[in-house]
Amino acid sequence: MKNLLPTLCLLLCAAPAAAADDPLLAELLAKGPEALLVEADKRISNFQDQELTVEMSIFSGGKLEQKAKLTTFTKGSARIVRFDEPADVRGMGILIKARAIYVKIPGSPKVRRVAGHSRKQGMMGSDYAFDDTSMLALAEDYTAELAGQTDADVKLVLTRKPGSEMNYPKLEVLISKSDLVRHHTRFFDDDGKELKTETRTELRKNEKGHYTHGTVVMKDSQRDHHTENKVVAEKVDQGLEDRFFQQKTLLKNL
Amino acid sequence: MRCLTVATLLCPTLLCLPLAASARDFVYRGYLESDLRLSLPGKPAPPGEDEVRFVRVDNTARLTMRVGTGNVQGFFDVALIYRGLYDDLGLDDIETRGALDPFDIESDALYIQVSDFLVRGLELKAGRQILEWGAADKFNPTGVINPYDLEDPIKFGERVPNEMLVLSYTAPWHVANEEETLTIFDELTFTAVAVPVFRPGQLPASAGLVFTDPDLFVQFVDSPLLGEFVDLQKAFIDAGGNFAYDPTIETPSFALENVQYAGKVGMTLVGVDVSAMYYRGYSDVLQARSVNADLSRIAVGIGTATVCGPRAPSTCDAFIRDAGLLDLNNLDGLRNLLTGTEGTTVAGDVPVSIRLGYPKIQVVGFDAATSLEFLDGLGLWAEAALYFHDAQTLTLEAHGETTEETLIDEGSFWKVAAGTDYSLFSWWYLNVQYLHGFVDEFGADNQDDYVVAGSDFKFFDNQLVLRLFGIFNLQDQSFVAYPRLMTSFWPNTQLDLGALLLEGKDDSKFGTAATGQSRVFLIGRYSF
């Protein structure tokens, strides 16, 4: 009798089959890393408009410090962030449009233009700076170089283009070969020091081919501090008008 | 079958169409707040008050909500404020809760907003509201629609709400560069405002000292005639009498002609937010209109002899007139009557009615705000307004005699605010602003210059913020220092400890007793 043990072992013990590469991967790699980056951008931003509600948890030393809930409306480069929780910031609204930032503070009847320096400031003590929320599409601001591949991912090194106003001169991103979606990013400063890392998990795809990660964690590389964003709700292509992204919309907040 | 046909014909009409289901919006926010303040030694306390005492023991519950459907939204704000401090109590007062447990109800908003009103892009807001104009921080020369609420000295820039109609239209045009990193033209907005009834601003409690302390009164009313009148009062006081001031406020009537109007056009142009405005209405800075003294109730004696008085053969007003001393242009005669002879005494008070009013003004102004990206995003703003006014005159009256003095000639004056802000680090924010003309200054010769500066130092992910803020008067070197430590370590809870320090010479802007004493405060707020 043939010894079936090795065959059985092979069947039972073999590693699960790797997810198949996206059909476009080879073609994009042939075109170059920037083509891959453009496609990766497109996969998470292929909507006319988006309404995204997230619960944000800020941890310091592993301990939960603050929780917040915010809703972001996006159309093109315009965006409105509305804070729903906690109660002391409920109604706070931020409008970002063509790099201009406007803020309405709860209880104030006025919208104030906030200057660009505020982009350095973290949002509500989180590990996200203002500009981080607009880093959906990187290809406009960064050139890409292929830095390696594994079975699962393609690694690109991104260098900020001259004239770009992005905060980070260098990024390293991992793009999943099966989805062509960016799921890990390392942010570096001018001296090449790693500032923070972002990890995205729980990938979902809607019927229109738009990808979202259910959980995004931004970790500060200099200290034991991280921010976790969980998507509570997402709506795309609701037909948000351009005029929604005006200062008047902020004034409708309390 | 016939009925079915009729029904089919009728159903397409509006009566039969189901109403579109509209989700109702309801958003609210609120807070409970406790505010405890203690005066500090240094500046004089009001007469009869302890130098160190509680000056505020307030507890506030505030609720703000927005409710509506689609294009129509209602905004409502209400605050219940229990004032822990009460006035002198009589026996009747302690038999009911009202006097021994006083409270106020305030509302900063109660209006309806209709978007796409008649025309797409046109918005109507009708009701009680605060409309703040101007790019500057807290001190806005073009912010003339709502008067200032100066009741709480640590709440700079607060306004008193007013009933008004606001129509605004924003054009749908938007032009940006190809990269969408610079707005070339956007948000062209036209705003028209009508305020049916003028509402005065609110003054702090310390403002009342101006009418009980003659030296303070003269500080605020620049009038040589009044200066002499105050010297006369001092002579009266030295002789044993007193002036009892009775200020009354004359507000514009509710007539149609007193409706206030304003208009503004604003836009973003090549990355700069700019706007221009016009206002026709009233200033919220009180001006003295007349001073009327009644000398008939006093008695003047020399030694044991009564010269004049209610029980004497001649009342003092008649005596003074008959003696040719009732010359309001020259009060030396009256002063000599009291001081010229040793042993002269005065008994009784001189009731002095002071009438104050609000000057008519027209204001044109402009403002601009931008971010200088080539300077690492430095913030920059400027705001200026030119106020046109009639002549402001003061009439001094006593027993049919009058004299008039022009305090401020007809003309105009500028108010300016310009500033910059920057984040040196993510935890260090700096804001500096120059002001020409403070909120309570009226007239070209009365506009002082100020530097307003503040800095925020943020720690523990913004859970601890140290704010240092100050205002410095360049003319008299008086200043306000406002340190504040803000903590938010507990969910929805903020606990602040701070001080408001007012320093300067007795006759200076912030050193005068009229601005109140320096104080420390502890404020706790829970938001929901």
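A salt bridge here is a side-chain nitrogen of Lys or Arg within 4 Å of a carboxyl oxygen of Asp or Glu. Keep that cut-off at hand for the exercises below, and remember that the model is predicted.

**Exercise 1.** Find which residues of chain B are linked in a network of salt bridges.

*Solution.* Start from the total: by this rule, 44 salt bridges are counted over all chains. Next, pick out the network, whose members are B:Asp35, B:Arg37, B:Arg56, B:Asp58, B:Arg83, B:Asp104, B:Glu106, B:Glu151, B:Asp152 and B:Lys155. The general idea behind such links is that side chains of opposite charge can pair when their charged atoms come close.

**Exercise 2.** Work out where in chain B the partners B:Arg83 and B:Asp104 lie, and how each is classed by accessibility.

*Solution.* Begin with the pair itself: B:Arg83 forms a salt bridge with B:Asp104, with 2.7 Å between the closest N and O atoms. This pair links distant parts of the chain, 21 residues apart: B:Arg83 is in strand E3 (residues 72-83) and B:Asp104 in strand E4 (residues 103-114). Now the accessibility: B:Arg83 is at 16% and so counts as buried. B:Asp104 is at 32%, so B:Asp104 counts as partly exposed.

**Exercise 3.** Move to chain A and determine which helix holds A:Arg43 and A:Glu39.

*Solution.* The two residues form a salt bridge, the closest N and O atoms being 2.8 Å apart. Both lie in helix H3 (residues 33-45) of chain A, and their spacing of four residues is about one turn of the helix. To finish, check the burial: A:Arg43 counts as buried because its relative accessibility is 11%, and A:Glu39, at 12%, counts as buried too.

**Exercise 4.** Identify which residues form a negative surface patch, and place B:Asp222 in chain B.

*Solution.* The patch consists of B:Asp222, B:Asp390, B:Asp409, B:Glu410 and B:Asp445.

Key: Residues are numbered from 1 along each chain as its sequence is written. Chains are lettered from A and ligands numbered from 1 in the order in which they are written. This is a predicted model: local features need pLDDT of at least 70, side-chain atom pairs count only at pLDDT 80 or more; totals for chains, interfaces and linings use all residues. Side-chain values use heavy atoms; hydrogens and water are left out. Helices (H or I, at least four residues) and strands (E, at least two) are DSSP runs, numbered from the N terminus. Buried means under 20% relative accessible area, exposed over 50%, partly exposed in between (1.4 Å probe, protein chains only). Patches are made of residues with over 30% relative accessible area and no salt bridge: like charges are joined within 9 Å, nonpolar side chains (Val, Leu, Ile, Met, Phe, Trp, Tyr) within 5 Å. Accessible areas come from the Shrake-Rupley method with a 1.4 Å probe; for residues, only the protein chains shown count as cover. Lys and Arg count as positive and Asp and Glu as negative; His and the chain ends are not counted. The place of a charge is taken as NZ of Lys, CZ of Arg, CG of Asp or CD of Glu.
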